Structure formats: structure tokens, C-alpha cells
Amino acid sequence: MTTASGQSARPVLACGEVRTCLLPSFQPLDGRAAAQLLRLRADEQVRVSERPNLYALSPEVLTGIDCRLPTSNGAKVRAVGTVAARAALTEGRVLQATAHFSAPAAGPDLRRPWGDYLVRPGLVESFGKLPEQAAAEGALRGGGRGELDLGMIAEGLLAQLLRHPLLDHKAPFKSRRTHLRWAARRVPPGEAPSLERFTLAEDGLRTVELKVPEDTPTAAVAGLCEDLALHDWLLTTVVHMLDNSRLGAADGPSAVLALRPAVDHLLHLWMPRAHVDRTLGHLWDVLEREPGFTRQWRNLVQRIRDQLAVQAIPLLHQALSTR
Amino acid sequence: MRDTVFRETTAEPRTQSVPLSHLSLELGHLYMEDFEAGPGRLREHFAEVRIWVDAARASAARRTGGKRPRISTCFLIDDYFTRFSTPAELVPVVLAEAEKAGLVIDYLARESGCAVADRIELAESVMHRLVESPPPGSYGSRPPVSQTGWLANGQRTPATRSALSDAKAWVPPQETAARNHSVFMDAELWSEKDGRRLWSCPFLAAVWQLARLGLLRHLGEPVLTPRPWDGAGFPPDWDRLPPLLQLNPAATPFSAYRTCTLMPNRFLAVEDAVRLILDQVDVDSGALKQVAERSAREGAEVPAAVAQRATYVFYEEPTNSLTTEGT
Amino acid sequence: MLIFAASDKGGTGRSVTSANLAYHRALAGDDVCYLDFDFGSPTATAVFDVPDARQAAEDRGLHAYLIGEVSEPVRVDVWADTEHHVLRNRPSGSGRLVLMPGDLSGGEFATTDDNLHRCVDLLLRLNSEFDVIVVDLSAGRSYAVDMVLEATSQRELSGVDARWLVFHRWTRQHVAAAAGLVYGKRGIVAGGVARGHDEDTLRGAIRFVRAAVPDPESALWSQVSATQSAWMRACDRDLKQLASTLGIGYSQVLGSVPLEPVLQWREQLITDEDVLDSQIATMETWRALSDLAGRLTDDKYWEQA
């Protein structure tokens with residue numbers, strides 16, 4: 001039988017892409033509505049957490065692929081299997097879609113019956129040997145025409161969710177999506193996981209390189225990267241908002257008006273590693289040391305609060321003088 | 001590592017397990033026209049089936065390494081496509097004829113239970129779990145020739161362009177897993193009539209196979225669970241008959257690691273379509289894992305692919321039936 | 001806010017004028033996206049002077065996106081990628097100005113549900129990101145017009161404001177053609193209603209822009225003879241009468257753009273430098289464009305007559 005041969009093949013690489021955006025609805029969704037939105041399948045439950053913040057995670061759905069993998073050295077590697085995609089909603093406000101897959105070191109030179117791939121969800125097998133390094137770099141660079149496009153799969157899921165009747169498309173402010181691509185090389189069990197590199201590129205693209213022990217589930221790695229993407233999006237969005245408010249240049253009340261949505265919708269969302277697998281949470285530390293994500297966030301929050309306080313002084317003054 | 005102190009039940013998915021036999025043996029999958037032909041037809045059917053039942057039991061025993069295998073038998077009556085007679089009239093006849101052939105029917109199911117059972121839309125749920133086999137060149141876009149309501153084992157002939165464009169030569173369809181030559185198949189999953197969806201026979205049969213393989217769940221809970229029979233009569237209305245009834249209190253569990261289905265050879269095409277569907281269903285991974293682990297522990301490891309777990313015996317139909325047959 | 005730019009005929013300056021409106025909104029601080037839905041004859045890369053993008057969009061533009069070949073159409077950051085020496089210096093306080101070009105190779109194509117879904121997805125997505133989205137549609141009752149009429153009739157887009165600008169030249173034929181495009185038997189209103197749009201709402205969201213209008217009072221014509229001048233005034237009056245009879249009279253007009261050689265011949269954005277330094281464009285044109293841009297979102301100009 002051909003079926004059992006690839007069963008135990010250990011994955012050597014996991015790759016994914018997260019897209020993060022503001023949920024386009026006037027009000028944030030509560031837990032029940034969040035579960036309704038993320039119910040991608042009628043027969044499978046949405047996971048909902050209320051502590052330490054409201055977080056909902058959809059079941060995973062699969063997309064079949066049979067195409068070339070992007071590689072940094074131009075090696076042509078055909079791969080077949082399924083890419084898993086899932087969506088998460090944080091505090092009913094920030095929506096994320098992730099597409100990810102794992103790949104073993106090698107696969108058969110023939111395509112197996114499709115049912116053999118389906119019983120190993122989220123696994124993509126190369127024909128022959130997988131050029132690990134080139135494939136990891138290729139995944140971070142993104143696919144060319146006809147090559148595996150994780151972004152397209154994540155985007156497809158996001159688009160499907162955005163068509164949900166629960167959403168009114170009256171978001172309280174305009175914001176950009178960010179894309180975070182990640183690649184995790186597998187290391188033997190027992191070795192410590194590490195975050196090798198976090199790159200901020202143009203056009204909202206971020207890339208993350210990781211080393212993760214084999215026994216850490218890919219879903220846990222995806223969860224860590226979603227957490228990184230969420231907080232990076234928060235920084236990106238609030239920085240843009242401060243830029244646009246033209247603090248100092250614009251007259252006070254209009255700057256305040258521009259910053260109001262941050263206070264209403266974003267400032268309470270900062271909570272690194274709230275839902276990250278316990279074995280991976282400490283990978284945040286390196287980013288906290290440099291550049292210091294939380295340090296920057298605190299600074300932004302302080303600026304916004306100061307601005308609001310300054311604007312309140314004339315009002316206070318007015319109130320006192322008219323008494 | 002320290003255990004977590006805090007837990008949230010809604011944050012932790014769970015899949016309840018179901019009891020499992022070694023083999024689920026189906027003694028018949030009959031349509032109303034088969035019953036219309038009278039008890040003689042049933043008698044012929046069971047006499048033939050009896051022979052293959054013994055073979056199937058022997059085969060199962062070989063797989064358990066000499067241990068006595070747990071085998072449960074079942075029988076499916078179509079009440080979905082056509083309605084005929086009542087359970088009160090029909091079921092006792094079926095049971096009597098089976099008994100005459102020396103067969104015991106452990107579980108009795110109605111076909112419409114594969115569409116909706118206990119107000120859970122099983123067929124709909126399975127449809128949402130279809131993941132089409134990607135033809136070469138699928139890089140993450142939606143399959144370009146995806147046709148709602150149909151499922152194929154390869155790429156269809158592209159639709160002809162407008163009459164104005166230059167005449168194109170016919171492009172043959174192609175089976176994705178073809179070895180040298182294609183055997184292309186395209187199965188209809190449902191049709192719409194008056195705004196109502198009518199599931200196709202192969203699709204409901206695929207749901208039926210998944211139920212027998214213990215792979216169906218709804219929000220982590222088992223579905224189409226057998227209801228015990230009180231031993232009294234059967235109801236006068238099909239809708240009042242439980243979707244799955246356990247007739248034999250001593251029977252081994254309904255679901256099993258493998259299934260074997262005994263049926264007349266005219267169902268060959270239908271069951272080939274069932275395999276096509278099973279090969280493209282992304283079944284509940286929790287359930288899948290439970291079955292794999294338990295079968296391995298018992299030394300009766302299941303094939304990885306779900307479709308491989310279903311076997312069939314197609315036998316020649318009794319000749320007298322051909323005259324009444326329209327299929 | 002979605003702004004659809006339509007015209008019955010070519011030569012109305014639809015593309016170049018709507019591009020200028022996008023530019024003015026960005027100058028005023030809005031994040032603006034300009035979509036080239038002029039399938040078959042994409043011109044926006046020339047208008048914004050981003051020649052490199054023309055190559056980039058060869059097979060990854062809006063057309064390739066709509067037929068499902070790429071997950072996202074190419075985006076061009078006009079401030080960063082333009083070769084126009086004035087545009088390259090992004091003024092402080094300005095918003096983003098992004099161009100989504102059409103493909104060089106893409107012609108018209110058949111409507112399928114998939115294309116429509118992608119169109120809806122794209123508009124939803126851009127709406128969450130940009131303050132103003134200008135969609136330049138190919139002339140006439142084109143496929144592009146049908147597609148956006150269909151897309152905006154979908155439930156998903158019901159919460160998104162959409163407005164239509166219909167460009168026409170100030171001649172008898174163009175006035176009649178513009179009225180036909182909107183109110184004719186196969187017009188935008190009829191087509192929209194057939195797709196489930198509310199007639200009054202759709203009518204209320206359509207305004208006309210008179211392009212290449214010679215202003216008899218302008219200095220340009222100060223040298224003409226008295227007879228010529230009288231004739232011009234008479235023609236202008238007759239045209240106003242005709243427009244009013246056809247239902248595209250004053251209350252339906254968002255604004256006029258003067259006859260401006262720079263718009264007609266150069267087909268590029270008019271910058272403040274063109275007006276102030278080299279003075280090849282007139283202040284009237286600059287002001288007309290600026291007013292029009294402001295009125296796009298000024299509800300006062302969009303109240304029901």
C-alpha cells in the first residue's frame with residue numbers, strides 16, 4: 001500500500017501568511033456574534049475565549065494545491081497537498097486570516113490519491129527532496145505567477161468573512177491591512193524555539209523567521225505569528241493615525257477628532273501573548289528588547305492621552321469662567 | 001511543565017468518541033421498487049447475501065489475527081426519493097425474510113436520516129467539508145472550472161467560448177490521478193427543485209459510509225446515534241421511525257473501522273461516485289485520529305485514506321427483478 | 001466613498017478630469033485610490049506619469065485580478081513612482097494617492113459570478129482603506145458600467161456610499177448622448193433598477209460634469225467680434241435649454257470644467273506649478289477642479305432636487 005509510507009514523515013518546515021485588518025463594522029462584535037462570523041463550518045465549533053481578552057478562533061478549512069513552491073534559488077519544486085486556513089477575531093475589532101502549511105523533507109515522485117492528502121490536513125509534500133532553505137526564503141519573498149500563493153488563500157478567506165451579513169462596512173476609521181509572512185525551520189525536539197528575524201518591509205509587508213522544535217504544532221506557530229501580526233498592525237495603524245492627525249499643525253479640536261477612534265477602538269487591544277502557546281510566548285522577549293514593541297506603544301498611548309488632556313484645558317477653563 | 005490553572009471550556013475543542021466495531025456489514029441498500037416486487041424478491045436477495053456475509057466475516061477475522069471480530073449488520077431503506085407503504089407493514093417483512101436466510105439485522109436506517117437526522121443537517125455539513133482534488137497548476141486560486149453541485153475526479157472539458165471566437169478543437173476532460181489514460185467521472189451532488197435541494201443518491205450514500213465509519217460529528221458530538229427498539233411494533237409513518245434503530249440489543253457498535261457493503265451490481269456506478277466523494281471529504285480530524293489510534297491499538301490499523309476503508313461485494317441481481325427495473 | 005466616472009463618448013476628458021479630482025482630494029489630505037476600469041484602453045499610467053507601472057501592470061492589473069489570476073491588482077504609489085517632477089514632492093499634509101492600473105492586454109470579458117464577487121471584494125476592501133475611491137469606467141454602457149452597477153446592488157455594498165459623475169462635452173450631441181446614457185431605455189438608471197437599485201436613490205447619486213466648456217465671459221474670447229460673441233452666448237443659452245429639457249439641467253450638474261488646452265492635449269494632471277509658475281494652465285481650471293473635488297463629498301450638492 002502506498003498510503004502508510006508518508007505517514008510518519010516529519011515536517012522540516014512550516015510557512016504561513018497572516019493578513020490583519022480592522023473589522024469593517026461600526027460596533028465591535030460581542031462573543032456570540034464573533035462565533036457566528038467565524039463559523040466557517042456548520043458542524044464545527046468556534047473557539048471563544050473571554051480571558052484575558054475576547055478572542056475567537058475559527059476551525060481550519062483546507063485548500064488543495066498542486067503547483068510549484070516559491071524558492072529563493074529558482075529551483076523548480078512541485079508540491080501537492082492541502083493548505084490550512086483559519087481566522088481569528090480579537091476583541092470583536094481586529095480580524096485576521098492565516099494560511100499555512102507544513103512540509104516534510106521529501107515526498108514521493110508520484111501524486112498520491114487525493115484522500116491520502118486530506119487525512120493529513122495542512123501538509124504539503126514536495127516531489128522528491130525539499131530544498132529547505134530555498135523554500136523557506138521563497139515563502140518569505142512570496143510566490144511568482146503560478147507558484148503557491150498563501151496570500152491568495154488567506155485573502156480568499158478574509159473576503160469570504162467580509163461578505164458576512166453581520167458586517168455593515170461602516171468602520172469607525174480607515175486603516176490599511178498588513179501582511180505578515182513567516183517561515184519556521186524545524187529543530188529537534190528539546191531544542192529551544194527562537195525568533196531569528198523580524199523584518200518590516202514596505203507596503204505593509206512584514207516577514208518573520210523562526211526556529212521551532214518538531215513537536216510544536218504548526219497551529220501554535222501560526223498563533224504566535226498572528227499575535228505578532230496583531231500588535232504590529234496596532235503600532236502601524238496608530239502611527240498612521242497620529243501622522244494624519246497632524247498634531248501640532250492642525251488646530252486642536254480637529255486633531256482630537258482624528259485621534260478619537262484610537263481611544264475608542266484600539267488602545268485597549270494591546271496585550272502581547274494573550275493567546276500564544278506557552279512554549280512560544282517568550283519569543284516576544286527579543287522584540288521587546290529591540291526595537292521594543294511595548295515601549296513604542298506606551299509612547300504612542302502617552303502622546304494621545306497628553307493631547308487629549310491639553311485639549312481639555314480650554315474647555316475646563318471655559319467651564320470655570322462661565323460659572 | 002506546570003499544568004494550567006485557568007481553563008475555559010468554550011476555548012477548548014473536544015471531539016467525543018464513539019464505540020467502534022471491527023466491521024460494519026450492510027446487508028442491503030434497497031429502494032422502494034425492490035420492496036414493490038414482493039417478499040419473493042427480498043428472499044432472493046437475502047439468499048444471495050447470505051453467501052457473501054460468510055465471506056466477509058471470514059475476511060474480517062483474518063484481519064483481527066484470529067480474535068473474534070466485532071461485526072455489526074445494518075440495513076438501509078430508502079424513504080428519501082420515494083415513499084412506499086409504512087414501517088409497520090414493511091419492516092416486519094424485511095426482518096422475517098432476513099431471518100429465514102439465517103441473517104440478523106442489528107441496525108435499521110432510513111435514507112432520509114443521511115440528509116437530516118435529529119434536526120441536524122448531515123448532508124449539508126458534509127458538503128461544506130468537500131475539498132476538491134486540485135488539478136496540477138492549482139496554486140491557491142479558486143478552481144476555475146469548479147461547478148456548483150458537481151464533483152469530478154479531474155478537469156472538465158472547458159466550456160466553449162462565444163461563437164465569434166475561432167473554432168476550437170475539442171479538449172478532452174482529464175482525470176487528475178490518471179495512469180496513462182483517463183477515466184473521467186463527474187458526479188452530481190444535488191439538484192434544486194422548487195427552491196428545495198434534493199441530495200443525490202451517491203451523496204447520501206457517502207454520508208452513510210461516513211456514519212458507519214464513525215467519522216461524523218456535530219460540534220464534537222456524535223450524530224446519527226442508534227436509538228434502542230422497544231420490541232413493540234413499528235410506527236405507521238416513516239417520519240416517526242428513528243433515523244437509526246438498534247433492533248438487536250446484543251449487537252456490537254454500529255460504527256466500525258471498516259465497512260463492507262453487499263449490493264446488486266447495478267449500484268456499481270453509484271458506489272464509484274461514493275468513493276469519488278469520500279476521497280474529497282475533509283472529515284473531522286478529531287474523529288479521524290480517534291479511529292486511527294484505536295484501530296492501531298487493536299492491531300487492526302485502518303488505511304489512511306477514508307475511501308479505502310469501504311469495501312463492496314456486487315452480486316448478480318435475481319433475474320425476475322430485471323423486468324420491473326427502470327434504473 | 002466610491003466615485004464612478006462615466007461618459008457616453010470618448011473625448012470628454014473623463015479620465016484626465018477624474019484623475020485630477022483624485023489628485024485634488026489627496027492634496028486636501030484624503031487617502032485616495034484611483035481604479036482604471038477602462039478595460040481595453042487603460043490610460044491612467046500616462047495621466048499620472050508612471051510609465052514603469054505600465055509594465056508592472058502588464059499581466060497583474062485589475063483585469064488579471066477580476067478574472068482570478070492574481071490575488072491582488074498591482075498598486076502604484078503615485079507620489080513615489082511618478083516621473084512627474086512636481087508630483088514627486090509629496091506635499092506635507094497630503095493623503096495617499098494610489099493608482100490601480102488596468103492591464104495592457106486585458107479587453108472586455110464576460111460577467112461571471114466569480115468576477116462580480118471579486119469586484120465586490122475589492123471595493124469593500126478599498127473602502128476600508130481609502131477615504132475616496134475613484135473608478136474610471138470605459139465609455140458608453142460598457143461592461144465596466146454593468147459590472148459596477150451589479151456590484152453596488154449587492155447587499156455587501158449597501159452600506160457603502162457611491163456616487164456617479166457623468167462627463168460630457170458642451171455640445172448638442174454630447175448633451176443628448178449623456179442624457180441617453182443615464183436616462184435612456186438601456187441607460188444607467190434603467191440598468192441599475194433592473195439590478196435591484198432603488199430608482200430615486202440611484203438618480204440622486206448621479207451628477208453631470210460639463211467638460212471643455214468655453215466660457216463666453218472668459219478673457220480667452222475677449223478679442224472676438226461682437227457678432228461672434230453674441231452667437232456664442234446664444235449657443236450657450238440654447239445648450240442650457242436643451243440640457244434642462246433632457247433632465248440634466250443646472251440642479252443635476254456638479255460643475256463645469258473650462259475648455260483647457262492642457263487637459264485636452266497633454267492629458268495629465270494639472271499642478272499648481274502649471275498654474276502659478278509656467279502658467280500654461282489657467283487659474284479658472286485649477287479652481288474648477290478644486291471646487292469639483294470638494295463637491296464630491298459635500299452633501300449640499302447631492303440633495304434631491
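Colleague: How many residues does the contact take from chain C and from chain A?

Modeller: This is a predicted model. In it, 14 residues of chain C and 19 residues of chain A make up the contact.

Colleague: And by class, what is on the side of chain C that touches chain A?

Modeller: That side has six charged, five polar and three nonpolar residues.

Colleague: What about chain A with chain B, how many residues from each?

Modeller: Chain A gives 39 residues, and chain B gives 39 residues.

Colleague: Which elements of chain A give two or more residues there?

Modeller: On the side that touches chain B, they are β2 (47–49), β4 (61–69), β5 (77–90), α2 (114–118) and α4 (150–162) of chain A. The most comes from β4(A), with six residues.

Colleague: How does that side divide by class?

Modeller: The side of chain A that touches chain B has 17 nonpolar residues, along with eleven polar and eleven charged ones.

Colleague: Changing topic: where is B:Arg83?

Modeller: B:Arg83 sits in the loop between β2 (71–77) and α3 (87–100) of chain B.

Colleague: Why does B:Arg83 count as partly exposed?

Modeller: Because B:Arg83 has 13 C-beta neighbours inside 10 Å; a residue is exposed at 12 or fewer and buried at 20 or more.

Colleague: How far apart are B:Arg83 and B:Trp238?

Modeller: In sequence, 155 residues; in space, 8.3 Å from C-alpha to C-alpha.

Methods: Residues are numbered from 1 along each chain as its sequence is written. Chains are lettered from A and ligands numbered from 1 in the order in which they are written. This is a predicted model: local features need pLDDT of at least 70, side-chain atom pairs count only at pLDDT 80 or more; totals for chains, interfaces and linings use all residues. Two residues are in contact if their C-beta atoms, placed from the backbone, lie within 7 Å. Helices (H or I, at least four residues) and strands (E, at least two) are DSSP runs, numbered from the N terminus. Ala, Val, Leu, Ile, Met, Phe, Trp, Tyr, Cys and Pro count as nonpolar, Asp, Glu, Lys and Arg as charged, and the others, Gly among them, as polar.
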